[in-house]
Each structure stands twice: as structure tokens, then as C-alpha cells.
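Please read this note with the model open beside it. It is meant for someone who has not looked at the entry before.

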Amino acid sequence: ELHHFWGTRWQWRGWWHEGVEDDSVGESDIISTVEFNHTGELLATGDKGGRVVIFQREQESKNQPHRRGEYNVYSTFQSHEPEFDYLKSLEIEEKINKIRWLPQQNAAYFLLSTNDKTVKLWKVSERDKRPEGYNLKDEDGRLRDPSMITMLRVPVLRPMDLMVEATPRRVFANAHTYHINSISVNSDYETYMSADDLRINLWNFEITNQSFNIVDIKPANMEELTEVITAAEFHPHHCNTFVYSSSKGTIRLCDMRASALCDRHSKFFEEPEDPSNRSFFSEIISSISDVKFSHSGRYIMTRDYLTVKVWDLNMENRPIETYQVHDYLRSKLCSLYENDCIFDKFECVWNGSDSVIMTGSYNNFFRMFDRNTKRDVTLEASRENSKPRAILKPRKVCVGGKRRKDEISVDSLDFSKKILHTAWHPSENIIAVAATNNLYIFQDKVN
Amino acid sequence: MSEKLGTESRSEQTGDEKQDTQEKEAVVPERAEEVKLKAKYPNLGQKPGGSDFLMKRLQKGQKYFDSGDYNMAKAKMKNKQLPSAGPDKNLVTGDHIPTPQDLPQRKSSLVTSKLAG
């Protein structure tokens with residue numbers, strides 16, 4: 001029996017997977033970030049092997065209206081390589097932690113990609129013409145003997161098969177002692193920030209050998225360290241405002257007009273804790289793994305281990321909404337601590353109109369919450385359940401008592417199948433869900 | 001499931017005012033899980049958010065073979081066997097001496113992503 005959630009049905013439109021059919025997952029194939037560009041025309045993924053794959057939405061054609069806007073591979077390139085810091089005996093992973101697009105200003109596309117230490121600005125451009133008729137070399141590129149040249153000709157541009165090239169235009173290196181967890185493009189389109197565990201730096205896109213440090217929470221004595229920065233983002237419209245979240249479950253909003261070093265926050269968001277709930281796990285599960293401004297700029301959403309919270313920028317003392325993602329895990333915290341799952345960093349996203357929020361869970365489940373109707377749904381991203389044009393069936397976890405036929409019990413959940421990264425198209429109901437090494441794109445079915 | 005405003009405290013959710021605090025502790029699943037964990041690891045520190053814990057997070061736990069450390073540790077241990085690497089949440093840098101067998105194989109970077117088909 002199919003269940004329609006708020007009148008939108010989610011349809012399997014396409015997926016790409018790496019690796020062979022026997023489900024053996026190469027470590028480097030694990031998708032580590034997913035991001036739509038500002039128009040939704042492009043979708044970028046980064047993986048543990050340092051590669052970026054960009055998908056482009058097909059133009060809608062009158063001939064094939066049912067193939068409305070499918071995504072196909074547009075460009076793929078190696079963004080980061082593994083490096084070794086000899087001084088500290090540390091291997092620097094090539095894993096792409098975040099990709100952020102710049103708004104399009106000309107024919108080319110620009111994106112920022114970062115690993116733990118280095119941010120790079122990539123230009124992705126199309127070439128559909130090439131020059132022919134050089135004087136000093138022939139069409140194969142071989143040099144011509146100058147003494148044999150008797151006539152001068154003017155090279156002309158001739159059409160060629162479309163080629164998409166990605167070139168690194170800027171490399172922003174050597175500015176982070178600790179591991180970069182976030183990058184965020186400013187609304188001024190001239191600057192961006194990069195945040196690591198203890199510091200946040202402000203960059204100008206044109207300048208790679210300098211960056212301004214705008215937040216530094218490193219204590220003079222490292223033994224006094226009590227919290228680290230977990231995520232950071234610029235306000236979507238106010239270029240002076242940004243937020244950063246911490247491992248203690250707090251969010252600080254900073255105004256760069258107030259001072260050069262924003263160690264003193266303008267606003268401090270923290271929910272008072274119920275002391276009767278305090279346990280060994282409290283601080284760990286309160287650590288915020290992601291923070292995102294709403295498109296309107298009026299709210300921020302945070303993700304901690306068990307919940308998603310929506311905060312009004314005008315109210316610092318508690319969130320205005322709290323959504324339980326998988327509260328049944330509360331009675332599994334001991335084993336989740338032992339297998340390190342309690343440290344998994346889930347992301348969260350807004351839909352284009354800020355009315356629905358989405359985040360991932362385990363067993364390849366992901367959750368959506370409608371802020372207006374207060375209804376929620378659990379869906380699954382899996383090959384077994386996704387046939388072409390099939391509509392996603394809502395899933396349910398059985399928390400106790402009698403398990404119904406299509407429910408799954410908490411003990412049967414596969415904790416190795418985690419959905420940490422999801423993305424929502426900026427204006428349409430199209431979502432991208434990364435499940436380990438698989439990318440799923442779902443779209444609502446319009447009758 | 002979804003809640004409209006703020007978070008409800010556990011006591012409101014159970015809704016039974018007759019329970020005394022001892023019973024309430026058992027009902028709170030987090031506390032029960034904590035008891036389980038402490039039973040398994042009696043040496044676990046009281047506060048998980050301490051600087052040791054965060055320092056480990058900052059370093060991401062990567063350790064590399066240092067021949068000096070290794071030889072000194074061997075000399076200290078004399079006939080005893082070096083402790084083998086194992087998962088240890090409260091590892092302090094410097095106490096654990098990696099041996100050549102412990103090192104992860106350094107992976108080579110792959111050229112093409114299969115995601116692109």
C-alpha cells in the first residue's frame with residue numbers, strides 16, 4: 001500500500017555506482033560530499049580518492065518529455081592527491097571534505113573543493129572549437145620545417161566535439177594546522193572562508209598567499225581545550241555575518257564589522273540542558289556535525305547525533321523546532337560508542353522554500369521533516385528497492401513490541417550503511433543522496 | 001517523532017509522576033547505556049569531552065613508525081613482547097609504539113573514478 005507524503009511522490013530517476021556488482025566497496029570510491037550549484041543545473045560529488053565528478057541536467061526536450069531533466073556525467077577530474085607532511089609524520093588524505101560552487105558569472109563554472117589542508121578553485125569550461133591552420137606546425141602537432149614554408153596562412157577556429165575541461169585556477173594552501181571541515185562562499189562573491197577544528201580563515205579569491213584569520217579558539221595551553229569548531233557558514237545575504245558550530249552543541253554568530261578577530265561572538269545559541277538527562281554520552285551526542293542557514297537567512301539548522309534543530313536568529317536561548325531523526329538509537333549508545341558510529345558526522349539540508357528539511361541516518365535511510373505540517377517520512381536509498389520509475393515506499397523502524405511485516409527492527413539496522421551527505425536542488429523537488437559509494441537522484445513525480 | 005517547540009524532558013515523556021528518581025534513572029536509556037559502557041571499560045575517564053579526547057580528534061590518530069622510539073622501547077622491554085596495536089580510545093600520543101606490522105598500507109591514488117562510468 002503506497003503512502004503519499006504531502007502529495008509528492010519520490011521517484012527513482014537514476015543512480016550511478018562505483019565498484020562491481022558484488023558490493024565490494026573500494027575505500028576511495030566512498031562519496032564524501034554532494035552539492036548542487038546555484039541553478040541546480042550541475043551536481044558535484046567528491047570522493048575519498050580525491051576525485052570530483054560533476055553531473056549536468058539534460059535540457060528538457062519536446063521530443064522526450066518523460067525524460068525531463070535527467071542528470072548525466074559532465075566532467076570528472078582528480079582534485080586532490082594524497083600528500084605526506086614529513087615534519088609531522090602525517091599523511092594528508094586526499095578525501096574531498098567539501099565542495100562549494102561559486103555563482104555563475106560567465107560561460108565557465110567555478111567551484112571550490114577542499115581536503116583536510118588545501119582549498120582549490122577549479123574552473124570547468126567547455127570547448128567546442130579548436131584552431132586549425134597553424135603555420136609552424138601541422139595538424140598532428142608536428143613541427144614544420146620553416147624553410148619549407150612558402151605561404152602564410154591565418155589559423156581559423158573550427159567546430160569540434162564538445163570537450164569539458166577542468167583546470168585548477170587557484171590553490172589556497174598552508175593556512176591550516178588542523179583539519180578543514182568547512183568552506184563557505186561569501187555573498188560578496190569576492191571572499192570565502194575555510195574552517196578547521198580551531199580556526200577560521202577568510203580568503204580573497206584572487207589572493208592565494210595570504211588569508212586573514214577571523215576566529216581562533218586555540219587555548220594558550222592545549223590542556224585547557226574544551227571544544228572544537230565543527231562547521232561554519234556565511235549568511236546567504238549579509239556578507240559580514242557568519243556562524244560556526246562547536247563540539248559542545250553551541251552555535252556562535254559573528255559580525256566581521258565588529259572587529260578583525262571575531263573571537264567574541266555577536267550571538268550565542270545554546271539550548272539549556274536538562275540535568276536529569278546528563279550522561280557520559282551527553283556531550284558527544286550534542287556535538288553539532290552540520291550547520292546551515294535557511295535560504296531566507298532568518299533561520300539556522302543544526303544536526304547533532306540524534307536530532308535536527310531549527311533556530312531563529314532572533315532567539316538564542318533555545319531552538320524553535322526539534323526533530324528526532326532516530327531516537328531509538330538512545331538505547332544503543334554503548335555499542336555505537338564502541339564501533340565509533342557515535343562520531344559519525346551527518347549533514348542536513350533545506351529545500352528551496354525552507355519548508356522541508358532532510359538528513360540521513362543508518363541502513364541507507366534518510367529522513368524528511370515538513371516544518372509546516374509537522375509530518376515526517378523515512379525513505380531508503382538502495383538498489384534492491386529502486387527499480388526504474390518506481391516510487392519510494394516509506395520505511396519504518398520498529399522500536400519495540402510487535403514488528404509489522406514491512407518494518408525493520410533496530411537490531412537489524414546496518415550501521416555500515418550510513419547516509420551522511422545529501423543535497424536538495426535549489427528550486428525543485430530533486431534530491432541527491434550519497435549512500436557509501438552510490439549516488440541516488442530522486443525527483444518528485446508530477447502527474 | 002517530530003516535536004513542535006523545544007525538546008521535551010524525559011520526565012514529561014514518561015508521564016508517570018509516581019516514579020522515584022532511582023526508577024527514572026533506569027528508564028533513561030542513556031544512563032543505562034552509560035552503566036553498560038562503564039562495566040565494559042572500568043578505566044574510562046569521567047568526562048569524555050576532556051582535552052585528551054579532543055587532542056586525539058585533532059590528530060586523527062595517525063601514527064607512523066619511528067625507528068628511534070621502536071628501538072628504545074625494544075631495549076626497555078628486553079625480553080618482553082611489545083604490545084600490539086589495538087583499538088584504544090584513551091590513547092595518549094607517545095605511549096603507543098607502532099611496530100612495522102601495525103602500519104596501514106599506504107594506498108596509491110587512482111586515476112579514474114568509476115563513478116563516471
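The numbered points below take chain A strand by strand, then its cysteines, then chain B.

1. The structure is a predicted model. The values quoted in the points below should be read with that in mind.

2. A four-stranded sheet in chain A. Four strands of chain A form an open sheet in the order β12-β13-β14-β15, with antiparallel pairing. Strands β12 (182–185) and β15 are at the edges; each has a single partner strand, so one side of each has no neighbour in the sheet. On average, neighbouring strands here are turned by 20° against each other, with direction ignored.

3. From β13 to β14. Strand β13 (residues 191–195) of chain A runs antiparallel to β14(A), and five bridges join the two. One of the bridge pairs is A:Met193 with A:Leu202, the latter in β14(A). The two strands make a hairpin, with three residues between them.

4. From β14 to β15. On the β15 side, β14(A) pairs in the antiparallel sense with residues 212–216 of chain A, over four bridges. How much of β14(A) is covered? Five of the six residues in this strand (199–204) are buried, so the label "mostly covered" applies.

5. A:Ser184 belongs to β12 of chain A. Is A:Ser184 buried or exposed? Its relative accessible area is 4%, which means that A:Ser184 counts as buried. The side chain of A:Ser184 reaches the backbone nitrogen of A:Phe234 at 2.9 Å. Leaving out neighbours within four places in sequence, the contacts of A:Ser184 are A:Tyr192, A:Met193, A:Ala232, A:Glu233 and A:Phe234. A:Met193 in that list is the residue whose bridge partner in β14(A) is A:Leu202.

6. Strand β22 and its two partners. Strand β21 (residues 299–303) of chain A pairs with β22(A) in the antiparallel sense over five bridges, and a hairpin of three residues joins them. Strand β23 (residues 321–324) of chain A also pairs with β22(A) in the antiparallel sense, over four bridges. A:Val310 has a bridge partner in each: A:Met301 from β21(A) and A:Glu321 in β23(A).

7. Cysteines. How many disulfides does the structure hold? Over all chains there are zero. A disulfide is a covalent bond between the sulfur atoms of two cysteines. For A:Cys254, the closest cysteine sulfur is 5.2 Å away, in A:Cys262, and this is too far for a bond because the cut-off is 2.5 Å. For A:Cys239, the closest cysteine sulfur is also in A:Cys262, at 13 Å, again too far. A:Cys254 counts as buried at 0% relative accessibility, whereas A:Cys239, at 37%, counts as partly exposed.

8. The surroundings of A:Cys262. A:Cys262 sits in the loop between β18 (251–255) and β19 (267–269) of chain A, and at 2% relative accessibility it counts as buried. Beyond four places in sequence, A:Cys262 touches A:Ile214, A:Val215, A:Phe242, A:Cys254, A:Asp255 and A:Met256.

9. Chain B. This chain has five helices and one strand, in the order β-α-α-α-α-α from the N terminus. Of its 117 residues, 21% count as buried. Among contacts in chain B with a separation of 6 or more, 55% are between residues 24 or more positions apart.

10. Helix α3 of chain B. The buried residues of α3(B) are B:Pro29, B:Glu30, B:Arg31, B:Glu33, B:Glu34 and B:Leu37.

Note on methods: Residues numbered from 1 in each chain as written. Chains lettered and ligands numbered in written order. Predicted model: local features only at pLDDT ≥ 70, side-chain atom pairs only at ≥ 80, totals over all residues. Heavy atoms only, no water. Buried < 20%, exposed > 50% of the residue type's maximum accessible area, 1.4 Å probe, protein only. Pairing = 2+ DSSP bridges. Axes fitted to C-alpha atoms, helices over the stretch in contact; angles between N-to-C directions. Polar contact = N/O pair within 3.5 Å; in protein donor to acceptor, adjacent residues only side chain to side chain. Contact = heavy atoms within 4.5 Å.
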